[in-house]
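Here's a quick tour of one model, put together for someone who likes cut-offs spelled out. Have the viewer open and follow along.

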Amino acid sequence: MSEPTEDELAFVDDVAGFFAREGLPLISGRVIGWLLISDPPEQSAAQIAEALQVSRSSISTAARLLTPSGLVEGVRRRGERQEYLRIAADGWSRMLERRYAQAAGFREVTERGLRVLEDSSPQRRERLANVNRLYGFLEAELPAVLRRWRHEEEDHDR
C-alpha cells in the first residue's frame with residue numbers, strides 16, 4: 001500500500017467535514033473518505049490508521065460507530081483472523097433505508113406530541129405540526145425514491 005497523496009488526504013478531510021456537519025466524529029468521516037478511495041478497497045484497521053496517521057483504537061471506535069448503519073462492513077479473508085473494513089456494495093442505500101425507518105419512528109413521536117398538546121393553542125402546536133408534516137412526507141416519499149434507485153442500479157448493472 002502506498003502512502004496517500006496530499007490530494008487524497010484533502011479529499012478524505014472534505015468527506016470528514018461533510019459528515020461532521022451531519023453529527024459524526026471527524027475520524028468516522030475520515031474512515032469513510034479513505035474507504036471510498038483506498039486501494040485495495042478492503043483495509044485493515046492498521047492500514048487505515050497508517051494511511052490517516054491516527055491510532056488503531058480510533059479506527060476501531062469509528063468502525064463500531066459506522067458498521068450499524070450498513071455503510072461500512074467488516075469482512076474476513078479465508079484463512080485470516082484479521083478483519084478488514086470496506087464500504088458495503090449497497091451501503092449507501094442501506095444507510096438511507098435506515099434513515100427512512102428513523103423518519104417513520106420520529107413521525108410517530110411527533111404524533112404523540114401533538115396528542116399531548118391537543119388542547120394547546122395553534123401557535124404552540126405549530127412547530128411540532130410542521131415537523132410532523134415533514135416526516136410524514138418523507139415517510140411517504142422515500143420508499144418510492146429507494147425503489148427508483150434500485151431500478152436504476154439494476155439497469156446500470158445490465
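This is a predicted model: local features need pLDDT of at least 70, side-chain atom pairs count only at pLDDT 80 or more; totals for chains, interfaces and linings use all residues.

Residues are numbered from 1 along each chain as its sequence is written, and side-chain values use heavy atoms, with hydrogens and water left out.

**Annotated region**
- The unreviewed UniProt entry puts "domain: HTH marR-type" on residues 23-79; positions follow the numbering used here, feature names are shortened, and such annotations may be inferred rather than shown by experiment.
- Residues 23-79 come out at 54% helix and 12% strand, where helices (H or I, at least four residues) and strands (E, at least two) are DSSP runs numbered from the N terminus.

**Helices H2 and H4**
- Helix H2 (residues 26-37) and helix H4 (residues 56-66) have axes that come within 9 Å and cross at roughly 80°; axes are lines fitted to C-alpha atoms, for helices over the stretch in contact, with angles from 0 to 180 degrees between N-to-C directions.
- That angle makes H2 roughly perpendicular to H4 (under 35 degrees is roughly parallel, over 145 roughly antiparallel, 65 to 115 roughly perpendicular, the rest oblique).
- On the H2 side, Ile-27, Ser-28, Val-31 and Ile-32 meet Ser-58, Ile-59, Ala-62, Leu-65 and Leu-66 of H4, contact being heavy atoms within 4.5 Å.
- Sorted by class, the H2 contact with H4 has seven nonpolar, two polar and no charged residues (nonpolar: Ala, Val, Leu, Ile, Met, Phe, Trp, Tyr, Cys and Pro; charged: Asp, Glu, Lys and Arg; polar: the others, Gly among them).

**The sheet**
- Three strands make an open sheet in the order E1-E3-E2, with antiparallel pairing; E1 and E2 are the edge strands, each pairing on one side only.
- Two bridges link E1 (residues 43-44) to E3 (residues 83-87) in the antiparallel sense, and two strands count as paired if DSSP finds at least two bridges between them.
- Strand E2 (residues 72-76) is joined to E3 by five bridges, again antiparallel.
- Tyr-84 in E3 has Ser-44 opposite, and Val-75 also stands opposite Tyr-84.
- Further along E3, Arg-86 is the bridge partner of Glu-73, while Ile-87 faces Val-72.
- The E2-E3 hairpin has six residues between its strands, and Gly-79 there takes a positive phi near 85°.

**Two buried residues**
- Ala-62 in helix H4 counts as buried because its relative accessibility is 1% (buried means under 20% relative accessible area, exposed over 50%, partly exposed in between, with a 1.4 Å probe and protein chains only).
- Skipping residues up to four places away in sequence, Ala-62 touches Ile-27, Ser-28 and Val-31.
- Ala-62 and Ser-28 are 34 residues apart in sequence but 4.8 Å apart in space, C-alpha to C-alpha.
- Over in helix H5 (residues 91-116) you'll find Thr-110, also buried with a relative accessible area of 1%.
- Leaving aside neighbours within four places in sequence, Thr-110 is in contact with Leu-128, Val-131 and Asn-132.
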